[in-house]
Amino acid sequence: MFFLALRNVLAYLYLVIGFFLLDNVLSSLIGPIFMSASVGISSLLACIYILFIKKAELDKPTLFFLFALLFYLYGITKAILEYADILGIIISSGIFMSIFIIPYLWLVKDRIKKENFDNLVLFFSVVTALLSYLALIGINFLEFPLRSAFFGPGVQLPNALFYIFCIIYIYCTNTFDKYRILILTFCIPIIIVQGHFSATLALFLAFFLYFIHAQNIIKVIPKFIIAFISFGLFFTLLDNLEAINIVLSQYFPEFSSRGSQNFMRYWLLANESMGYGFIPSNSIILDRIETYSLSRYDSTVGTVDDGYINIALIFGPIIGSVYLTIFLLFLLNINSDNKLDNLLICFLYSFFVVNLTFSAFSFLQGFFVIGLSFLVLNRKKDIEDSS
């Protein structure tokens with residue numbers, strides 16, 4: 001994958017998309033950690049080659065790579081201080097390691113022709129919609145999980161946030177003008193019948209923030225004030241996760257079962273304020289979690305259903321708040337000057353809310369979408385869409 005990442009970026013992206021589409025088929029064979037780690041390692045090595053062999057400048061993509069590397073090494077170091085199983089720690093870090101897909105896509109943004117990227121977006125959205133329709137009528141080739149949705153039976157998409165990204169991209173870009181209405185008519189109903197509340201929430205928030213001109217409002221507020229307030233909010237959230245979940249469960253059914261699922265995770269958070277790093281699989285902590293687990297949803301340290309718990313477990317409230325604040329500052333420093341850019345920025349802002357119900361800042365599914373958004377938002381002006 002490393003050589004593919006260096007020599008053919010487009011093929012590399014299609015391979016990652018293939019991981020998403022075949023997730024339920026491959027999970028039983030190689031596991032999600034292996035898939036995420038393979039993307040993370042190949043992206044990490046490609047970034048190192050581009051930055052150090054090619055002697056890249058200290059620009060925003062380079063700074064993001066250093067940011068990702070710093071927090072990844074923190075998770076490794078924190079675990080090594082407690083456990084001697086270095087190989088187990090590295091394997092455990094595989095899920096978070098996929099963060100390096102973001103600086104990788106930022107660094108290679110100019111290697112992808114716009115028409116090829118358009119085709120990639122079109123391919124994923126149409127294929128996902130088609131396979132979802134077939135799954136709903138009983139022809140489930142790729143074993144998409146079926147689950148309840150807003151209006152009855154639904155289907156779990158392979159990467160719901162990526163699907164929403166594709167819908168936004170198709171809606172905003174002029175490339176699809178001739179067939180845009182037809183494509184959206186075919187794809188949008190899947191948003192209604194898909195089972196991820198987080199994806200629907202992200203789409204709603206993105207358009208809401210866009211129509212109230214949130215990007216223009218944010219531009220007039222000094223960034224250091226936003227950073228200061230954000231850090232305080234993130235710390236309050238990460239330091240009071242159990243209490244916040246109790247409050248949210250009274251209004252949203254999605255949170256009602258979290259108390260029992262996260263019982264051991266809350267216990268872990270109460271006993272370590274600086275995080276645990278990447279806990280190896282043979283640790284006493286994991287043995288205890290498996291002993292007291294009631295289902296597969298609470299049998300692991302991390303969870304895809306709550307990104308703030310993941311961040312708190314790895315980094316703790318203080319370091320985790322720094323991590324999220326720096327992430328936000330990178331978003332604030334991206335200039336958006338057209339409809340697509342502004343809507344994508346609002347979409348990325350929504351991730352800080354979505355992170356309550358989906359791990360947008362600690363799993364490959366979220367990192368990949370953030371990386372693609374950075375690719376589009378920082379593309380060359382001569383290939384920029386005129387929307």
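**Close-ups of a cavity and some salt bridges**

**View 1. The second largest cavity has a volume of about 70 Å³.** This is a predicted model, where local features need pLDDT of at least 70, side-chain atom pairs count only at pLDDT 80 or more, and totals for chains, interfaces and linings use all residues. Residues are numbered from 1 along each chain as its sequence is written, and side-chain values use heavy atoms, leaving out hydrogens and water. A cavity here is a set of points on a 1 Å grid over the protein atoms alone where a 1.4 Å probe fits but cannot get out, and lining residues have an atom within 4 Å of a point. The volume is the space filled by probe spheres set on the points. Look for Leu 237, Phe 255, Tyr 266 and Asp 306 among the lining residues.

**View 2. Glu 272 pairs up with Lys 78 in a salt bridge.** That term means a side-chain nitrogen of Lys or Arg within 4 Å of a carboxyl oxygen of Asp or Glu. The closest N and O atoms are 3.9 Å apart. Glu 272 sits in the loop between helix 17 (263-270) and helix 18 (284-292) and Lys 78 in helix 5 (residues 60-80), so the pair ties together parts 194 residues apart in sequence. Helices are DSSP runs (H or I, at least four residues), numbered from the N terminus.

**View 3. Lys 114 forms a salt bridge with Asp 118.** Their closest N and O atoms are 3.2 Å apart. The two are four residues apart in helix 9 (residues 114-136), so about one helical turn separates them.

Notes: On a 1 Å grid over the protein atoms alone, a cavity is a set of points where a 1.4 Å probe fits but cannot get out, and a pocket is an open set with protein on both sides within 12 Å along at least five of seven lines; lining residues have an atom within 4 Å of a point.
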